[in-house]
Amino acid sequence: MLAKAQTAPLIGKVVDTDSQKPLDYVTVHLHKAKAPVFTDEAGTFTLRKYSLSDTVTFALMGYKPLKKAVSALLKNSTVLLVRQSYALQEIVVRPKENPAYRIIRAAAKNKHLYLPENQAAIQFRTYTLMKGSILESDAKDKKKHFSKRYAPYLDSLKLLPSTGRTASLPLFQSESVKEIFYNRQPRNSKEILIASKAIGVGIEKESQISQLLNAQAEHFSLNQNWVRMFDKDFVSPIANQWASYYDYDLQDSVETASGKIYQINVSPKRHQDLAFEGTIWIAEGTYSLRRVDLRLHKRVALNYVTGLHIVQAWDEKNPSLLPISSKRRFQLAGFPGSDVRLFVESETAYSDVLLGQPKPEAFFDATHQVSDSALKYKEEFWQSVRPEEFTPAELKRVEAIASIKKLPEIRSAVKLIRVVVEGHMPLNEKFEWGPVFGAYVFNKLEGHRFQFGGRTTPEFHPNWIMNGYLAYGTRDKAVKSLFNLRYVADREQWTEWGASYLNDVGPAGMDLNNSQVSSLFFSTFRWGQMNFPYQQEQMQLWGEREWFQAFRQRVTFRNTRYNPVFDAATLGSESQDPKYGGFTTTDVTLNLRYSPDRKMLIRHHEKVAISNSNAPVIGLEVSAGLSGVMNSDLSYQNISLSVEQRVRAGIFGYGRYYLKGGKTFTKVPLPLLQVPLGNETPFFILQGYNLMPYFSFATDEFVSLRYDHHFEGAFSLTNRLPLLRKSKLILVAGGAALYGRLTDKNKPAETKGNQSNFRGLGRDPYAEVNVGFKNIYQLFRVDLVHRLTYRELDAPLWGLRLSVSVNP
């Protein structure tokens, strides 16, 4: 009878004996349980599976461990822990050495021993629970800020012991189970998503949202020099460069069952650096981390992310490797003057650590893998893998989310956001209308252009994908059309085949069937004066294959008929060869792309990167025109090579460079030349030139370079000026240069009329520079751009450009 399991949760509180203050993150270990639980900021703990005969151990560094029987806790659930401090041995402080430096120096030297990736072979499992809520500061009157409509779903949170309760509107919740593998020789890693479950407002495509949430819940370690979070590099308190970033204060030493533990307070030398403040505990002898409780200083400009808090704890039995628990909290701030913000908390539990059993090299061909049944597990499975059962409050939270997402205003807001982000609007479960921004444009060639199109969804067919449109211009009285048919055979190791038909009019050099360009930016080329327009009738077949993780190959066979809708004589080629007025091409194009160390989001119609790395992304494109094949008039060859990379600059922040070069080896008409992407919109673009008018130049040999730098830390001007510091603006700067030429075989003759802006580059490269601020109103970036060369172009030398900065 005494051993019978109880169903009612046992809720208790752990406090300091002397001060009576609650103790957070106390390890509460039920002897028969696989994993311990921890107290929260209020010192509260909950045990859900227990027997009356069980015993519970309470442990916290700096306090004497305490064992209590469950039967005693049921009578009195308040647990008093007694502080256990040992006086430090006599220390002689000399001007040249802080006593904490010896410990930190040893920890920095030894930290590589405790990284999973440095073990001969290791595998382990993680369970991550992530929650998101909309917050308001005042929870005493829940109807004060939130409308009465949402009041039934509200709960309250206590973010910090020093703050009051905060009203919380549940927004999303996700659970994931992963298995992670490392081999040292050769160095390989692999992550398998075993199971994933996500519910939330706006989460209609569970697989996509689950992947996005899982990317933010990834494993990280302070035993690395740099800790990557939110696409930024935070310097660890035990990094090799610790002396340049941190100040240390040795607070105490604690005797534990596994030896002496040092308690050290850390604080950044410069509050604006991406460094932490708080407390770390380091073991004597092994000099391994045993616990960390770290926050980001409030002065750090981390875009809209605030209040980052990390707590990790290691097991007494295996202190040198993975923590048994890792908790992370942060907030996404809203607009100035608004107290509404998104609160995100995640907790990861580590288990099933296995050492010394390496996997064969072929096992690591795919570095990230999603199990076929990852989204199909029922509630019984989740109950078995959760370290602890959901409380009644957590079950109520799940029910509240399900109710909120059905509200009409929420469903409408979700649709609007999807239109802005994806450019398509769902009409039903099987069809989405779009691109919305191309539904209406006006230009001098077509007049009023009306377009209706869309794409199918996974509910239409999981493998067959169709998209296209029909359009009509009131001035040219012509019907335009596009139809794409694709078959995706494999999404993990992406494999697809496709065919398309296009009949439309557009600027020379513009791929009218380019789904990778933003529909908003793409539609701007059709407004106003359309430069060098060509009527294109195109048919193409393609196949794409990801041969191994991060390496893709695409082969395209294309036949296109070009008819200029302007006076082709201005190009100077018609007198030499009539086919250049209207011509047909048949070509084969090979695209290769290598993008290592990137987590990918698998959507229904594409596979895109959702995490950055410092590894370069390399692209190669080779095209060959086949004269005589399907009435082709031309034989030509061109090649282009691109490299882009994120570059860490330490205390100066980080930068990204984009380098590209290309060459066309034969004589070709304008649509087949390399036309630099100009920009006459108010939006800032990295892929083009922000003060270059459309179709200012064309080249058949070119090299281009863009560099974009984000200043962070104490060396950012915005962190040094008090007024700018409060705004949390981030200084950005960079520039772009294009060097190229149009060889004699492709040079145009004298131009005339309204097409006089087309020419080749001269000896001087085109160059522009930009400087600006990121994070205005927590969302936007503004750049002041100046053109350094080709000052005679029909465009201002100075300009302001805006962009949405969704990357923190």
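A nonpolar core is a set of buried Ala, Val, Leu, Ile, Met, Phe, Trp, Tyr and Cys residues joined through side-chain atoms within 4.5 Å. Buried means under 20% relative accessible area, with a 1.4 Å probe and protein chains only. The model is predicted: local features need pLDDT of at least 70, side-chain atom pairs count only at pLDDT 80 or more, and totals for chains, interfaces and linings use all residues. Residues are numbered from 1 along each chain as its sequence is written, and side-chain values use heavy atoms, without hydrogens or water.

The largest nonpolar core has 51 residues. Phe234, Ile264, Phe276, Ile280, Ile282 and Leu308 touch the most other members. Helix H2 (residues 99–110) gives the most to this core, six residues; helices are DSSP runs of H or I with at least four residues, strands runs of E with at least two, both numbered from the N terminus. The core lies between domain 2 (99–115 + 221–323) and domain 3 (120–130 + 145–159 + 167–215 + 341–422), because both give residues to it. Domain bounds come from an automatic or database domain assignment.

Beyond its neighbours within four places in sequence, Ile264 is in contact (heavy atoms within 4.5 Å) with residues including Ala100, Ile103, Ile104, Tyr248, Ile280 and Ile282. A second, separate core has 23 residues, among them Tyr469, Ala508, Phe532 and Tyr562.

Tyr469 also sits in strand E28 (residues 464–473). Strands pair if DSSP finds at least two bridges between them. E28 runs antiparallel to E27 (residues 447–456), with seven bridges, and antiparallel to E29 (residues 479–490), with nine. Tyr469 is the bridge partner of Gly453 and pairs with Leu482 in E29. Five residues separate E28 and E29 in their hairpin, where Lys477 takes a positive phi near 50°.

Conventions. Buried < 20%, exposed > 50% of the residue type's maximum accessible area, 1.4 Å probe, protein only.
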